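This report describes how two chains are placed against each other and picks out some details within them. Please look over the sequence and the structure before reading on.

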Amino acid sequence: MATASSPKDMLVGDTGLAAFLTDKELPSCLENWKGILKNESKNNVGLALRWEAGLAAMEALSTIPDDSKMQLSNEWASIVKKMVDEAEMIDTFCVERSIVSIRIAKNGGGWLDMDEARNLYRWMSLDISAAVPSATPDEKIVLSTPAYIGQPVNVSESHAIVRIALGAESLLSYNSEKVNALKEDELTVKKLAAIAKYFNTIESNCF
Amino acid sequence: MYSNESSSCTGNPPTRRGYDAAKALFEGKLKGLKRRDLDSALRVVFDDQRKRLAEYLNLPSGAEIIFCPSGSDAEYIPVAMAKSLHPTKKIANGVTQLNEIGAGTALASTGEFFSTYAPFLGANDEKYLSGFEGINGCVVPARTSDGEIIDASEKMNEYCAQQLEQQNFPIIHGVFGGKTGVRDDVMPGSLEAGDKSFGVVDACQGRFSLEEMNEWMEQDSLVLFTTSKFYQVSAYQVHIMFISVAMQQLNERLTNEVHLSIKL
């Protein structure tokens, strides 16, 4: 069956590809597309800056051979999984490459759902030590430290998960100083467990 | 204040290294430029970034890179290529791992705007991008309601065969790591070097080996990649597509056909 539009409809006019791209983002082999999408008044500076930031990470990582990157990533994931499994009130949902997905137990049974996991995710990035007066000194330290983790994902009707994932900087750090790098992951795991333990208290203190 | 930064997905806090590199580029080459001067400077920057990316990823000769503002709008590229190469065929686009890929992917794969705002259009209430109407879509969720992983590759195989039988042009996706890192069993290649179908590999997590990337290039897949996850670039996904050696030949056809249609 023939479709109604012709290729030029996709390129000509403001509501086609030109809403997202100019010729500058295209490679030279698409010279005819480039001719149509050329627009010197449209310049996505943010795109170039974000790529520059990404390239800086990629080029820093290029000092580690590809095989070693994979080996280090697998080793890291295995260690973090063990940390999670040994902690109370949190559980490894799955490990895929360098992403450890974690479900969080509720005090009354079951696992945090998506709305509750969103609260936990937000609290992870904040100093919430003041919300838990009864926390131990060690717990106060972890509750006060912002830790950025992966956003929650709704994986089933019964619960959501959050993620600890290896990034380029943490891989570089793990490659050069394993003990210190793992201390950061340990802190993240402990904060997840502490939030799970005091979830109701934190919530009732309007966080 | 000390903070512990872990890579995840869109919305990562910027790393010091990334921020410094972006700042240096802006202050050294782009700051204060407008219109034609900015256009020229940005052209040089993107060309340089293309070369550096190809080098880092060890891309084969002939591989090409398209920068897109996000992963969702990168989905328009295979559709545009398919419609250009096969203007008389219906395009059928199969997407996997719904709920564990970008929220706009399914909409974009059928040519719809996925947001009320587009970078160079601004706020708008259009439903479809012009020229992108009439695409058949198929979406496979990542999991069942009780959390079990769905075998999307089998469903994509069935969908591809069905569309080919109906003389349509299938675009088949495989996800190499969604939000929880799950990888579909099969990363689809493009049949007959893209003459019968496109295979799109969503490798946006960036958690792949160079050997795996090379395998996708060899089977003529179009690959989506971003630095907003493993590479910890802050906010907004940033995607590119690689078009392998065999696809290069199709680009020639594609550009010629677009050129012809413009003449008409």
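The model is predicted.

## The two chains

In the contact between the chains, 83 residues of chain A touch 90 residues of chain B. On the chain A side, helix α3(A) gives the most, with 15 residues. By class, that side of chain A divides into 43 nonpolar, 22 polar and 18 charged residues.

Chain B has eight helices and ten strands. Of the 264 residues in chain B, 53% are buried. Among contacts in chain B with a separation of 6 or more, 65% join residues 24 or more positions apart.

Two packed helices are described by the angle between their axes and the distance between the axes.

| Helix pair | Distance between axes | Angle |
|---|---|---|
| α3(A) and α2(B) | within 10 Å | roughly 30° |
| α3(A) and α1(B) | within 8 Å | roughly 130° |
| α1(B) and α2(B) | 11 Å | about 135° |

Helix α3(A) covers residues 45-61 of chain A, and helix α2(B) covers residues 35-56 of chain B. Their axes cross at roughly 30°, and α3(A) and α2(B) are therefore roughly parallel to each other. The crossing of α3(A) and α2(B) is left-handed. From α3(A), the residues that meet α2(B) are A:Val45, A:Ala48, A:Trp51, A:Glu52, A:Leu55, A:Met58 and A:Glu59. On the α2(B) side they meet B:Leu42, B:Val45, B:Phe46, B:Gln49, B:Arg52, B:Leu53 and B:Tyr56. This contact of α3(A) with α2(B) is made of ten nonpolar residues, one polar residue and three charged residues.

Helix α3(A) also packs on α1(B), where the axes come within 8 Å and cross at roughly 130°. That angle makes α3(A) oblique to α1(B). The crossing of α3(A) and α1(B) is right-handed. The α3(A) residues in this contact are A:Val45, A:Ala48, A:Leu49, A:Glu52, A:Ala53, A:Gly54, A:Ala56, A:Ala57 and A:Ala60. Facing them in α1(B) are B:Arg17, B:Gly18, B:Tyr19, B:Ala21, B:Ala22, B:Leu25, B:Phe26 and B:Leu30. The contact of α3(A) with α1(B) holds 13 nonpolar, two polar and two charged residues.

A:Val45, A:Ala48 and A:Glu52 of α3(A) take part in the contact with α2(B) and in the contact with α1(B).

Helix α1(B), residues 16-30, packs on α2(B) with the axes 11 Å apart and at an angle of about 135°. This makes α1(B) oblique to α2(B), and the crossing of α1(B) and α2(B) is right-handed. Here α1(B) contributes B:Leu25, B:Lys29 and B:Leu30, while α2(B) contributes B:Leu38, B:Ala41 and B:Val45. The contact of α1(B) with α2(B) has five nonpolar residues, no polar residues and one charged residue.

Which residues does B:Thr105 touch, not counting residues up to four places away in sequence? They are B:Gly71, B:Ser72, B:Glu75 and B:Val95. B:Thr105 is placed in helix α5 of chain B, residues 105-109. B:Thr105 counts as buried because it has 24 C-beta neighbours inside 10 Å. The C-alpha atom of B:Thr105 is separated by 17 Å from that of B:Met81, a residue 24 residues apart from it along the chain.

Two other residues of chain B have a positive phi without being glycine. For B:Gln97, phi is near 60°, and for B:Glu192, phi is near 50°. Is each of them buried or exposed? B:Gln97, in strand β3 (residues 91-98) of chain B, is buried, with 26 other C-beta atoms within 10 Å. B:Glu192, in the loop between β7 (169-175) and β8 (198-202) of chain B, is exposed, with 10 other C-beta atoms within 10 Å.

Notes:
Residues numbered from 1 in each chain as written. Chains lettered and ligands numbered in written order. Predicted model: local features only at pLDDT ≥ 70, side-chain atom pairs only at ≥ 80, totals over all residues. Axes fitted to C-alpha atoms, helices over the stretch in contact; angles between N-to-C directions. Helix = DSSP H or I, 4+ residues; strand = E, 2+ residues; numbered from the N terminus. Parallel < 35°, antiparallel > 145°, perpendicular 65-115°, else oblique. Left-handed = near helix turned anticlockwise from the far one by under 90°. Contact = placed C-beta atoms within 7 Å. Nonpolar A, V, L, I, M, F, W, Y, C, P; charged D, E, K, R; others polar. Buried ≥ 20, exposed ≤ 12 C-beta atoms within 10 Å, placed from the backbone.
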